[in-house]
Amino acid sequence: MEDTQPKVVTPEPSPAPSPAPSPVPSPLLDRIALPAPNHVEHLNVNQIQVVVRRCSTPNVTEETTYFIPRNPVADAGTNTDPPIVCCPLLHKFCPCPPRGLLASLITKVLLAAVLFGVVWSITEDECLPGGNLFGVTILFLCALIGGKLMSFIRLPRLPPFPPLLGMLLMGFLLRNIPVVTDGVYIDFRWSASLRNIALAIILARAGLGLDPTALRKLKSVCIRVATGPCIIEACTAALISHFLMGLPWVWGFILGFVLGAVSPAVVVPSMLLLQKDGYGAEQGIPTLLMAAGSFDDILAITGFTTCLGMAFATGSTWFNLMRGVMEVVGGLVAGILLGFLIQYFPSVDQKHIVMKRSFLVLGLSVFAVFGSGVAGFPGSGGLCTLVLAFLAGLGWGKEKARVEEVVGWAWDVFQPLLFGLIGAEIRVSELDGHTVGLGIATLLIALLVRVLFTFVCVLCAGFSMKEKIFIALAWMPKATVQAAIGSTALDMARTKDDKPLQKHGMDVLTVAVLSILLTAPVGALIIGLTGPYLLQKPKSSASGERVKPTLSAFFLGTAAANEDDNETPVTYESTL
């Protein structure tokens with residue numbers, strides 16, 4: 001029988017305190033091939049001295065010295081062996097593998113080579129010298145370089161030269177240098193299609209850039225400046241070209257409306273530069289010219305497309321006249337329907353709504369321009385594009401600016417192509433000196449009449465004599481619209497394979513290119529030189545008008561607002 005009484009446990013005596021354990025060397029030291037301890041040698045700059053102490057007994061301490069190389073055996077980031085450096089000096093300037101700018105350059109070259117290989121494997125000869133893809137690519141790159149070089153030319157207190165001049169000259173040089181011309185070949189169908197796409201983008205930007213607030217607040221003088229000089233110059237050019245150049249009446253009006261449009265690409269940057277310094281801001285002159293430029297271009301394009309449809313129509317004169325009216329009405333109706341359609345589709349609750357709206361605007365614009373030609377009504381496509389873009393922007397409200405930005409990206413791509421292709425259409429060997437001389441005479445006479453009539457339009461607007469002279473001189477530069485529609489008649493004549501019509505189309509294109517070369521740089525210089533002398537500066541620093549340089553304002557000059565108040569609608573305050 002077990003004893004259930006608890007046993008008395010006597011506590012054991014505590015053991016004597018043991019000496020402190022000696023520190024264990026780091027595992028890294030076991031992995032490193034170290035020299036023998038206490039080895040006598042001099043410390044090198046590439047070595048680190050490590051002293052390890054061991055306490056075997058409380059009173060005895062052993063001390064060991066190690067010399068470790070500065071470069072670790074293993075890479076701490078990747079846990080791999082470090083690269084072997086054969087030449088430290090070369091490794092300093094050219095690391096292996098490359099990093100930074102050199103690596104970025106090699107990557108871009110590799111991407112370009114892979115892209116070329118893919119395109120070549122699909123298109124074969126098209127991307128080699130003499131093919132269309134090769135020609136378009138070289139023209140695009142050269143036009144970009146030409147535009148960048150032209151933008152570097154800056155004169156003191158003058159607006160910069162428009163880059164489109166460099167693009168135009170690059171296309172002209174590529175077409176007229178004998179050795180380069182053989183390698184840079186672009187079929188006229190490719191050229192016409194690319195220019196028509198650029199025209200559709202221009203029309204879409206023009207429609208989106210129209211501001212309904214400005215339409216309601218514009219006074220009669222702005223309407224006179226926007227419509228009067230354009231119509232008068234078109235009629236004058238038609239009359240002079242009919243008797244001097246021998247063009248038929250309808251072709252004379254085609255040339256007239258090509259020349260009648262003013263270039264926002266030249267006028268708007270020059271006006272913004274003057275307005276920044278306060279010249280003419282109190283009188284609203286920069287705002288007047290930038291706002292009227294949009295309506296001037298739309299009127300010229302509408303008149304051009306109407307006359308173009310009449311020129312290629314068959315039948316009696318009255319039938320062609322009625323056909324032109326029908327094209328205008330048809331373009332308006334189609335534009336209204338499509339504009340209201342894309343106002344509500346895509347709906348506001350969908351994702352990526354900006355990209356969808358931008359795609360619809362650009363897609364419908366290109367479809368209207370090309371589809372109207374296929375349907376046999378070439379004059380209705382441009383007007384349809386303008387109306388649908390305007391109505392769509394009207395329904396989108398403030399969100400229209402984001403769509404304008406995306407459409408502006410498309411224009412950044414097609415602008416070098418447009419001006420480069422226009423310059424490439426001019427061959428010095430095929431130019432007739434007699435035609436060039438008569439074309440310059442027609443252009444100068446039409447410009448003189450335009451300047452005088454512009455001066456008449458602003459007589460009763462409350463401006464001083466110097467300001468009236470400035471407005472008349474600033475209302476003559478030509479560039480963008482002339483490049484967009486100058487070759488359209490020639491392209492249609494080529495599709496008809498009609499030699500007399502091709503001759504008329506080449507005459508129109510020649511005069512359009514001459515108008516760009518003569519009026520764009522001269523107009524920019526005149527605005528920059530005469531502005532400080534003919535316009536008044538504001539009396540107080542706070543009274544000047546300020547313009548927010550948005551994408552639409554840069555191209556069409558329609559946005560003029562105070563930068564400090566983004567919610568205030570666009571206003572056009574002046575003495576009008």
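Predicted model: local features only at pLDDT ≥ 70, side-chain atom pairs only at ≥ 80, totals over all residues.
## A buried aromatic pair

The count of aromatic pairs comes to two. Tryptophan 251 and phenylalanine 312 also pair edge-to-face, at 5.8 Å centre to centre with 70 degrees between the planes. Tryptophan 251 belongs to helix H10 (residues 249-259), while phenylalanine 312 is in the loop between helix H12 (285-311) and helix H13 (317-344), so the contact ties together parts 61 residues apart in sequence.

## Salt bridges around arginine 195

Now for the charged side chains, where the count is nine salt bridges. Glutamate 425 bridges to arginine 195, with the closest N and O atoms 3.2 Å apart. That pair links the loop between helix H16 (400-424) and helix H17 (433-457) to helix H7 (residues 188-209), 230 residues apart. Glutamate 425 and arginine 195 are both buried.

Arginine 195 also meets aspartate 491, at 2.5 Å from N to O. Aspartate 491 lies in helix H20 (residues 488-496), so this bridge ties together parts 296 residues apart in sequence. Aspartate 491 is buried too. Shared partners join Arg195, Glu425, Asp491 and Arg494 into one network.

Arginine 189 and aspartate 187 form another salt bridge, at 3.4 Å from N to O. Here arginine 189 is exposed at 54%, whereas aspartate 187 is buried at 13%.

Notes: Residues numbered from 1 in each chain as written. Heavy atoms only, no water. Phe/Tyr/Trp six-rings, centres within 6.5 Å; stacked < 30°, edge-to-face > 60°. Helix = DSSP H or I, 4+ residues; strand = E, 2+ residues; numbered from the N terminus. Salt bridge = Lys/Arg side-chain N within 4 Å of Asp/Glu carboxyl O. Buried < 20%, exposed > 50% of the residue type's maximum accessible area, 1.4 Å probe, protein only.
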